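Q: I have a structure open and have not looked at it before. Can you take me through it?
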Amino acid sequence: VARLRAAGCVYAEDEAALLVAEAPTADALEAMVRRRVSGEPLEQVVGWAEFCGLRVAVEPGVFVPRRRTQLLVATAVARRPQVVVDLCCGTGAVALAVATELGRGVEVVAADVDPVAVRCARRNLDGVGTVVEGDLYAALPETLLGHVDVVVCNAPYVPTEAVALMPAEARDHEHRVALDGGADGVDVHRRVASGVRPWLAPGGSLVVETSEDQVPLTTAAFVAAGLAATVVRDESLDATAVVGVVAPDG
Ligand SMILES: C[S@@+](CC[C@H](N)C(=O)[O-])C[C@H]1O[C@@H](n2cnc3c(N)ncnc32)[C@H](O)[C@@H]1O
């Protein structure tokens, strides 16, 4: 506890208890404490994170699923989709939670450009869904064209200059491709919005996480892509998402 506290861990007692519970041997515990003290996220050290009540495997370097992203899950599930694509899936946490909530019958495809994230997502989605690797829609099988009810996406949306201001846990231990959203943070949102239409089934929608500050930019990206956009906000999660459907005149 003292070593964790000295390293700046706010919940040193809780973290120490978790590390003791997770370490199979004293040597393993020492190695885990060293990793944590050197600033690695707790979830990467123990190898899992809790998300929507599920235990999600997290490999070193892969984005740790955040609590706020539960809003994407709730928003996607509320649309009762049969075919869901989790674009920029990271660990695959969103895909796993959506599939778990909707149960049998839902087809889930997750995609990421980072091979380490893809490997991690394959572990989490084993027997649940398919994970494909590549740049946004280029990763998806063409058989999905026109058949996707919901594209859900937590893309990187931190403006390039703000990445350096992020906590070291994120900056140093999550791959930069998971964080950097370009000059104003919404470069990937623009590409996700402009490419979505051929993939959507009639009445399908695009659900993208953003920040409160970036709502106007993300919404503008949707509108430029011919989507009618609605903003969803959950104060208790401090979470914001933009939902797009093909505009009647789009
Ligand atoms: C903010 S993380 C979110 C991960 C996951 N969706 C979650 O909420 O935990 C963004 C993810 O997008 C992936 N990514 C970034 N650019 C991408 C691209 N052009 N195509 C596919 N995936 C991309 C990163 O590798 C990273 O895993």
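**The ligand and its surroundings**

A: A polar side-chain atom of Asp135 sits 2.7 Å from a nitrogen atom of the ligand. The model is a predicted one.

Q: How much of the ligand's accessible area does the protein cover?
A: The ligand has 600 Å² of accessible area on its own, and the protein covers 95% of that.

Q: Which backbone atoms lie by a nitrogen atom of the ligand?
A: Cys88 has a backbone N or O atom 2.8 Å from a nitrogen atom of the ligand. For Val113, a polar backbone atom is 3.2 Å from a ligand nitrogen.

Q: How many residues surround the ligand, and which are the closest?
A: There are 18 residues around the ligand. The closest are Cys88, Asp112, Asp135, Leu136 and Asn154.

Q: What classes are in that shell?
A: The shell has 10 nonpolar residues, 4 polar ones and 4 charged ones.

Q: Changing topic. How many helices and strands does the chain have?
A: The chain has 11 helices and 9 strands.

Q: Take helix 6. Is it mostly covered or mostly uncovered?
A: Helix 6 covers residues 93–102 and is mostly covered, with 8 of its 10 residues buried.

Q: Which ones are buried?
A: The buried residues of helix 6 are Ala93, Val94, Ala95, Leu96, Ala97, Val98, Ala99 and Leu102.

Q: What comes just after helix 6?
A: Gly103, which takes a positive phi of about 75°.

Q: Now Glu235. Where is it?
A: Glu235 is in the loop that links strand 8 (227–234) and strand 9 (239–246).

Q: Buried or exposed, and why?
A: Glu235 is exposed because its relative accessible area is 58%, and the cut-off for exposed is over 50%.

Q: Which side chain does Glu235 make a polar contact with?
A: The side chain of Arg233, in a polar contact of 3.1 Å.

Q: And how far is Glu235 from Arg68?
A: Their C-alpha atoms are 9.6 Å apart in space, while Glu235 and Arg68 are 167 residues apart in sequence.

Q: What about Glu161?
A: Glu161 is in helix 8, residues 160–163. Its relative accessibility is 74%, so Glu161 counts as exposed.

Q: Why does Ala28 count as partly exposed?
A: Because its relative accessibility is 21%, and buried means under 20%.

Q: How far is Ala28 from Glu169?
A: The C-alpha atoms of Ala28 and Glu169 are 21 Å apart, and the two residues are 141 residues apart along the chain.

Q: Back to the whole chain. What does its radius of gyration say?
A: The chain has a radius of gyration of 19 Å; a compact globule of 250 residues would have one near 18 Å, so the two agree. Along the principal axes, the C-alpha atoms fill a box of roughly 60 × 40 × 30 Å.

Q: How much of the chain is buried?
A: Buried residues are 50% of the 250 residues.

Q: One last thing: what share of contacts joins residues 24 or more positions apart?
A: Of the contacts with a separation of 6 or more, 61% are between residues 24 or more positions apart.

Notes: Residues numbered from 1 in each chain as written. Predicted model: local features only at pLDDT ≥ 70, side-chain atom pairs only at ≥ 80, totals over all residues. Heavy atoms only, no water. Buried < 20%, exposed > 50% of the residue type's maximum accessible area, 1.4 Å probe, protein only. Helix = DSSP H or I, 4+ residues; strand = E, 2+ residues; numbered from the N terminus. Near = heavy atom within 4 Å. Polar contact = N/O pair within 3.5 Å; in protein donor to acceptor, adjacent residues only side chain to side chain. Areas by Shrake-Rupley, 256 points an atom, 1.4 Å probe, with all protein chains shown as cover. Nonpolar A, V, L, I, M, F, W, Y, C, P; charged D, E, K, R; others polar. Rg over C-alpha atoms; globule rule 2.2 N^0.38 Å. Contact = heavy atoms within 4.5 Å.
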